[in-house]
Structures are given as structure tokens and as C-alpha cells.
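This report covers strand pairing and nonpolar cores. Take a look at the model first.

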Amino acid sequence: MTQRGRATRSTAGPRVGDRPRSDLGAHRARLRAVIEPVVSAAGYDLEDLSVSRAGRRHVVRVIVDGDGGIDLDRVADVSRAVSTALDAAEETGSDLVAGEYQLEVSSPGVDRPLTLPRHWRRNVGRLVKVTARGGPALPGQRGQQPSGERQLTARVVAADEETVVLDCDGQSTEWRYPDLGPGRVQVEFNRLDEVADEDLTEIEDTETEDTETEDFDDEDDVEDEER
């Protein structure tokens, strides 16, 4: 049974507390090999996959997105598909994650940095803040070739695999991605109604077992893997 909300599931093997933290990277690689094809088959991109430890459990966090965005219902569909694939892998004896683990599937949200061409493309029309290096002159810099780093707040006009066009104070300029740091979408309070529901929601989806669910709010119990 698939449920929305926090749940746990059990897998064979020793308790996670018996495994060194260095195993988290190996777990993530095995999980990616199972999860990424499922996400791709559903028509989405696997934006991030992380494994952390919370007390005696692992937490597997999966972030997915697509060109048209992804709403809560589609997140639920992908989550069920991922859960089914993990079950099938475990039945074949694959050592994915030892002990109990919690699966969380979500959309990226507006706070995720824009680091790839597809991230910029999916945020056309939005206001972003980004660190730029060199690049074209901006308004008030006629004939000057900027040097060093500077902070820009501009609207994404267009984006392809090589460049992104940003509108800064009414002037559109084209930038190469190597000249830009990670972009950050700026929330515009007068445009909150345009923010898609998938940017603000998260679903944590697993098959439920008759086990207790623990609260992971104690930061001392959580050891996140370095990405």
C-alpha cells in the first residue's frame, strides 16, 4: 500500500548502525542504478539522489523534475514506481540499503540552485540571482568589458544547451554557462500565484510496515552524506 506521509520499510541485512559512513556512497551508487532508469522511463530527470543516516535508519531522498514541471499526483506515481523497483531489486538479493530505510520523493522546489542548462530552461520567465564572471557590458557600462565577479539579479528570457539570455534592467544579454555560477530563483511576492504547486510540496512515499516511525528532528542523529 502506498501512502502519503512519513513511513518506514525494512530490508534484510544488519542494522545501519553497524555499517561505516563510507558505505553511504556505495549505497547511493547502487540505488541510482535502480532508480534512474525508472525516473527516466516516466519522462523525468533524476535531479538528485542522497542517502543519509538517521539514528538506526537510512533516509533515501530522491528529487525529480521535468520540462513541464511535476505535480503532486505525478510525484506520487513516480514514487510508487521507484518503490516497486526497489522491492524487485531486493527480491533478487541486491544489497541496496541495509536495515530499515525511509524513501522520500519530491520535486526540486524554488530553492534548488540552477546548475544545468535544463534548470535554466525550466525557469524561463523567472527572476534569478546569479554570480557572473566577465561577460557583456550591462546598462551604464557602455563600451566597458566587465572583469571579475559581480552579482546579477535578472529575468531569464531564453535558454538552450549553450547559453542563457538574461534581462537586466530592460536590457537582454546572452551569457555562456561557464561564465555563470549557480542561479537562485527569487520569490516575487506579487507573482506567488504563478509558483507551481510542485515547487512547494514534497511527498514521502514508501510501503508501510508494522514498525514505529521515529522523529528525525534531532540534528545530532542525522549524518548527511557529502554530495
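Strands S7 and S8 (residues 163–168) pair in the antiparallel sense over four bridges. Pairing here requires that DSSP finds at least two bridges between two strands. Strands are DSSP runs of E with at least two residues, helices runs of H or I with at least four, all numbered from the N terminus. The model is predicted: local features need pLDDT of at least 70, side-chain atom pairs count only at pLDDT 80 or more, and totals for chains, interfaces and linings use all residues. Residues are numbered from 1 along each chain as its sequence is written, and side-chain values use heavy atoms, without hydrogens and water.

S7 and S8 form a hairpin, with three residues between them. S7 also pairs with S6, again in the antiparallel sense.

Now the cores. A nonpolar core is a set of buried Ala, Val, Leu, Ile, Met, Phe, Trp, Tyr and Cys residues joined through side-chain atoms within 4.5 Å. Buried means under 20% relative accessible area (1.4 Å probe, protein chains only). The largest core has 24 residues; among those touching the most other members are Leu 31, Ile 35 and Val 62. H1 (23–41), S3 (45–54), S4 (57–65), H2 (72–91) and S5 (100–106) each give it two or more residues. H2 supplies the largest share, six residues. A second, separate core has 16 residues, including Trp 120, Ala 154, Val 156 and Leu 166.

How values were computed
Buried < 20%, exposed > 50% of the residue type's maximum accessible area, 1.4 Å probe, protein only.
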